[in-house]
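Subject: Structure for you to look at

Hello,

Here is the structure I said I would pass on. Please have it open while you read the notes that follow.

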Amino acid sequence: MTRGARAAEWVVLYALSIVVALAISSVIVKATGGDWWPVVEALVDGSIKAPGRWGETLGIAAPLLLVALGTVISAKAGLINIGQEGQLLMGAAFAVFFSFRIGGPGPLNVVLLLLFGALGGAVWASVAGLLRFWRGVPEVLSTLLLVFVAVQAVGYGLKWQWLLLADEASRGNRNLVSEQLAKDNRIPRPDIFGNEFPITVYVALALALAVAYVLARTVWGFRLRMLGHNPRAAQRSGVSSTVYGATALAIGGAFAGLAGAAMFAGGGFSFGNYRLVPGFSDFIGWTGLLVALMARERALPAVVAAFVFAMLRTGAGFVNSTGVESRITDVVQGLLVLALLVPPAVVFLRDRRRARAAATERV
Amino acid sequence: MTGTGGSDPSVPAVQLTGITKRFGGIVACDQVDLTLYRGLVHGILGENGAGKSTLMKVLIGLVLPDEGSILIDGQPRTIHDPLAAAALGIGMVHQHFSLVDQLSVWENVALGEAGKLDSSGVRRRVAAISEQYGLDIDPEAQVGTLTAGLRQRVEIIKCLRRDPHILVFDEPTSVLTPEESEQLFSTLREVVAAENRAVVLVSHKLDEVLHATDEITIMRQGRVVDRRPTTDADARSLARAMVGREVSLRSERAAFGLTEIEEAADVGPEDGQAAETVISDEPVLRIEGVTVRGRRGGARLLDDISLDLRAGEIVGVAGVEGNGQRTLGDLLSSLVPLDSGQVVVNDSVVRTGAPGAMAKAGIGVIPEDRHDSGVVLDMTVAENLLMVDPHRVARHGVMDKGQVTEAAQQMIEEFDIGCSGPDAPLWSLSGGNQQRVVLARELAADPDVLVAAQPTRGLDVGAIEYMTDRLRQTAVDGVAVLLISSELEEILELSDRIVVMSRGRIVGELSHDDANLETLGLLMGGSEA
């Protein structure tokens, strides 16, 4: 199939599944007494059209992209990391701890807190890595279950002032929140055409390019992919599944942790307003996993996928103001998420069937 | 019997005309004609990739042809799927079994039947068929416990149960012992002679086509190149037609499994190759008292094996499959660690089981199952060629695209790998060309020892000839070659020295001159020589 035909096929598949999702949504909205056209308008307004909204969307796309990039790396090694939500939360917690208990003022601190966030995510993912390569515990289980441990651990940290909790003067009503990050410690959010977003958007974009390059062109990326495709051939060729696998998991976690730190230090009102609060991760980890899925575990398509998922999130915010019941808008959002994931699944299944057919046709 | 009697014998059972099938740019079948008559066994001979299997898949409805017509008993038909083929009385015994190991023989036969399961009826039918055709089998036996030959019987019974009047056998002997093959052919004869069925035997083995058929169609590169009655055919002319050129007598003999083994063994030294080869005195590879236990139960997969390999010699490891050869190959591929003993290459002990340790020490391996540890199907040809040592085309850890392509292109040319280019995905290559990728890569690493496990399995004549020549040349170039094979002919032909494995032990060692089928057979069976 030519490149053009393949691209056209993607467009058709996405158009089709989104139309179907919208059609079902409109039926549901109508059936519950709403009006479906305002819903569509609200989705577009909320994600890009209304003033300042595409900046908001970019600000959400950045952590989604970071999480997805980490997922891509662990997936290439043949590992299924689904614990980004927890790794992200741990990253945020590490960044908070560094900001208020170790670091000082100034821009250098911003860089350090981001690195600390990455470290937090990496440490959390490495717990799963350790279990996997030392004891053979499947990483699918351990990464998932560690999410719930992370939520509890961070909740615990928010109870103690020497860990994450703010002192009483800076929190009201005995809330379990961290202190607010000082202005000179925040990630800059320059204003462009009335849209404001943190410069971590650029960092995420650069990292997407870097990940694509490392995977495609470096010896390390080559050997990582080899491990993912055929562990025995990799073992024979000198790729240690333990070293490469554990590293890939740790890097995957680091990306999620970095996303958490970036949300804390540059997320503004979208994410806790420079404070760590319970529920801080707000499904960004889970959604980032879906972004990677939609991008079929490739770094550059993840850029687009991250933006689309961010649009869905910011758009849905506006749908709530159309008077349609919020549970219905949740359903609409869920249908659209499904619509985004159907085409990659269809193409994956078909490609695999074709490859199999090709393999058996040759005798 | 239904479907077998009553038809006019002069009307062909099957007439395929101008069948053409393309897969992408490759023409698998090009204007192929084929006519099958009742009461005759028709052989279709050709190398791997000649289009035999595709043609048969057209006949049983697995592949729709792009052009051409199909007449069954004189009636034009379109066969869309295997069910339609079955309805027309066409049955196929596939090369690869599709049996459920956990089920019994009769349950496997009953699988795929519609409607209510009539267990006693099926049992009776299985018993009747097995008696009628001399396919002795216990209907209650669990398929997983059966030998390859008996499993194939189950497949044949499955096929005969539908009472087809056109029967296709696709490479039926690739998994059988000589006796089992012999039995199969007599069954075949019976089916044809007594019941007036039409039978197709697809094969790349000359001797069995000569032995078991009435008429032969020879295919090459998707076309029919020759067709003649078997009585007018001899091995040499068939081989020439099949390959399209002269093949050397020796590899021909090995490839076609001609049975004059003693003669084959005699040819060895005369060839002069052995004389040229300088075998050093110092061993390059020393396997010392190696024991490997299985994961569960602790059964010994390798039991106190000791073996020396010197530069320039080919040592053959003979044995019935499943007697530790695979573990030996895995051990030398850094895939299993030792329980005791050691492996020494060039006087330094290798850390067995450590990733890449064997490759680094200078051991190249052509694995028994290349898809298991030999290649990565989802990566490109170039990537597969550079798997073991990507650093030689990289600077500071970054692979140089130009160098990658250049190095790959060079190997593709040197080893004549048939592919659309360095960036072709490996799965798009035929088995023989995948094997060449493995060979090219392992030799490019300039090994001191080359382990070749079942290196010619599933390959066609040309590829076998190429592989044998390469192995011999590798030894002449001063590499110690360990040839693990269950093909005795291959071992006798190539090896300077032969060891025999049985139950994970080395039970005997013979020089090339002392070895013959009988002594090897005795040792393989576990008797002391």
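I begin with one pair in chain B. E140(B) and R123(B) form a salt bridge, and their closest N and O atoms are 2.5 Å apart. E140(B) sits in the loop between helix 4 (119-132) and helix 5 (148-161) of chain B, while R123(B) belongs to helix 4, so the bridge ties together parts that are 17 residues apart in sequence. E140(B) is partly exposed, at 44% relative accessible area. R123(B) also falls in the partly exposed class, at 28%. Bear in mind that this is a predicted model.

D73(B) is partly exposed, with 27% relative accessible area, whereas R38(B) is buried at 7%.

Over all chains, the whole structure has 34 salt bridges.

Next, the domains of chain B. The assignment gives domain 1 (1-89 + 164-185 + 194-266), domain 2 (99-163), domain 3 (268-362 + 449-529) and domain 4 (370-446). Between domain 3 and domain 4 of chain B, twelve residues of the former are in contact with twelve of the latter. The area buried between these two domains is about 960 Å², with 66% of it from carbon and sulfur atoms.

Which residues form a salt bridge there, with closest N and O atoms 3.8 Å apart? They are R470(B) and E414(B), and the count of salt bridges between domain 3 and domain 4 of chain B is one. The count of residue pairs in polar contact between these domains is also one, with both residues at pLDDT 80 or more. On the domain 3 side, helix 18 (residues 461-476) of chain B gives the most, with five residues. That side has eight nonpolar, two polar and two charged residues.

Last, the interface between the chains. Here 24 residues of chain A are in contact with 43 residues of chain B. Together the two chains bury about 2900 Å², of which 56% is on carbon and sulfur atoms. Four salt bridges cross this interface. One of them joins E442(B) to R236(A), with the closest N and O atoms 2.4 Å apart. Twelve residue pairs are in polar contact between chain A and chain B, both residues being at pLDDT 80 or more.

On the side of chain A that touches chain B, helix 7 (200-217), helix 8 (219-229), helix 9 (231-236) and helix 13 (326-361) of chain A each supply at least two residues. Helix 8 of chain A has the largest share, six residues. By class, this side of chain A divides into nine nonpolar, eight polar and seven charged residues.

Regards

Notes:
Residues are numbered from 1 along each chain as its sequence is written. Chains are lettered from A and ligands numbered from 1 in the order in which they are written. This is a predicted model: local features need pLDDT of at least 70, side-chain atom pairs count only at pLDDT 80 or more; totals for chains, interfaces and linings use all residues. Side-chain values use heavy atoms; hydrogens and water are left out. Domain bounds come from an automatic or database domain assignment. Contact means heavy atoms within 4.5 Å. Buried area is the accessible area (1.4 Å probe) that two parts lose on being put together, summed over both. A salt bridge is a side-chain nitrogen of Lys or Arg within 4 Å of a carboxyl oxygen of Asp or Glu. A polar contact is a pair of N or O atoms within 3.5 Å; within protein, one must be able to donate a hydrogen and the other to accept it, and residues adjacent in sequence count only if both atoms are side-chain atoms. Helices (H or I, at least four residues) and strands (E, at least two) are DSSP runs, numbered from the N terminus. Ala, Val, Leu, Ile, Met, Phe, Trp, Tyr, Cys and Pro count as nonpolar, Asp, Glu, Lys and Arg as charged, and the others, Gly among them, as polar. Buried means under 20% relative accessible area, exposed over 50%, partly exposed in between (1.4 Å probe, protein chains only).
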